[in-house]
Amino acid sequence: MSTRLKAGALVVLPGIAVLFLLQQQQITRLVEENADLRTQLNQVASLRDSNEHLAEQLKTAAEASQAERGELMRLRGQGVRLRQLEQENVELKAQRQQRGRTASAVEYRNEQYGFGMTFPSDWSGYSMVTGTWRGQTHDEQGETTGTYTGPEITMRHRRWTAAAPWQDIPVMVFTHDEWALVEQQKLGVSAAPISPSKLGENAKFVFALPPRWIGFVDTLGQDEAGKVPETFRAF
């Protein structure tokens, strides 16, 4: 080989070595970039899988929530129906009790004065005792200015005895003029400073319970007798 060729070869070889080195560096960079891209792609794929899993969880939760809402609505409907049945049961019991009381009740009707009452079945066989109420009017000095009397009709339980008295139910009968004096506290019909309790009235008479008619003497059947005036009716 000539001296010129040798000299040219020495010049070319370093250039090839530099080019080879540059290509190696570029390949290495590309390999690293490729690895980074693959890592990013794997991360994207993993994120997509996570999103799909999360979406599935959300779907399942939504379906469960919908089912729970449906169950809640069903339970609420059952609660409403239960309350309706309870109310119907209460009403039916009340109707049955009312029918039982009506079927066994004892009716009292006074045609002479025009009033009536309803007694419990235990009062069957009661008796009626006719008496008289008495009262007076007084002037400002306390002097008696008038004396009044009127009928007092007492219903008495069949078990009443002098040794074991049952609670009587007395009804005082007033004219409308007499009752006006009672309301004006001009006519006193009792030693106690208490007026009679009005039960009702019709065109001719006013009916009332005497003051302290119950509870001030130890008698039997007070609770039962105390409810009878609630059934009072005038006609």
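**Salt bridges, sheet and helix**

Author: Arg159 counts as partly exposed, at 41% relative accessibility (buried is under 20% relative accessible area, exposed over 50%, partly exposed in between, with a 1.4 Å probe and protein chains only). This is a predicted model, where local features need pLDDT of at least 70, side-chain atom pairs count only at pLDDT 80 or more, and totals for chains, interfaces and linings use all residues. Residues are numbered from 1 along each chain as its sequence is written, and side-chain values use heavy atoms, with hydrogens and water left out.

Reader: OK, which residue does Arg159 form a salt bridge with?

Author: Asp122, with the closest N and O atoms 3.3 Å apart. A salt bridge here is a side-chain nitrogen of Lys or Arg within 4 Å of a carboxyl oxygen of Asp or Glu. The pair links distant parts of the chain: Arg159 is in the loop between strand 4 and strand 5, while Asp122 is in the loop between strand 2 (115-119) and strand 3, 37 residues apart. Helices (H or I, at least four residues) and strands (E, at least two) are DSSP runs, numbered from the N terminus.

Reader: How many salt bridges in the whole structure?

Author: A search finds seven. One of them joins Glu201 and Lys198, whose closest N and O atoms are 2.4 Å apart.

Reader: Switching topic: what's the strand order in the open sheet?

Author: It has six strands, ordered 6-3-4-5-8-7, with antiparallel pairing. Two strands pair if DSSP finds at least two bridges between them. Strand 6 and strand 7 are at the edges with a single partner strand each, so one side of each has no neighbour in the sheet.

Reader: And what does helix 2 touch?

Author: Helix 2 packs on the sheet, touching strand 3, strand 4, strand 5, strand 6, strand 7 and strand 8. Contact means heavy atoms within 4.5 Å. The direction of helix 2 makes about 105 degrees with that of strand 5; axes are lines fitted to C-alpha atoms, for helices over the stretch in contact, and angles run from 0 to 180 degrees between N-to-C directions.

Reader: Which residues are buried in helix 2?

Author: In helix 2 (residues 176-183), Glu178, Trp179, Leu181 and Val182 are buried. They sit on the same side of helix 2, because they cover an arc of only 155 degrees around the axis, taken from the directions from the helix axis to the C-beta atoms. The face turned away from that buried side carries the exposed residues Asp177 and Glu183.
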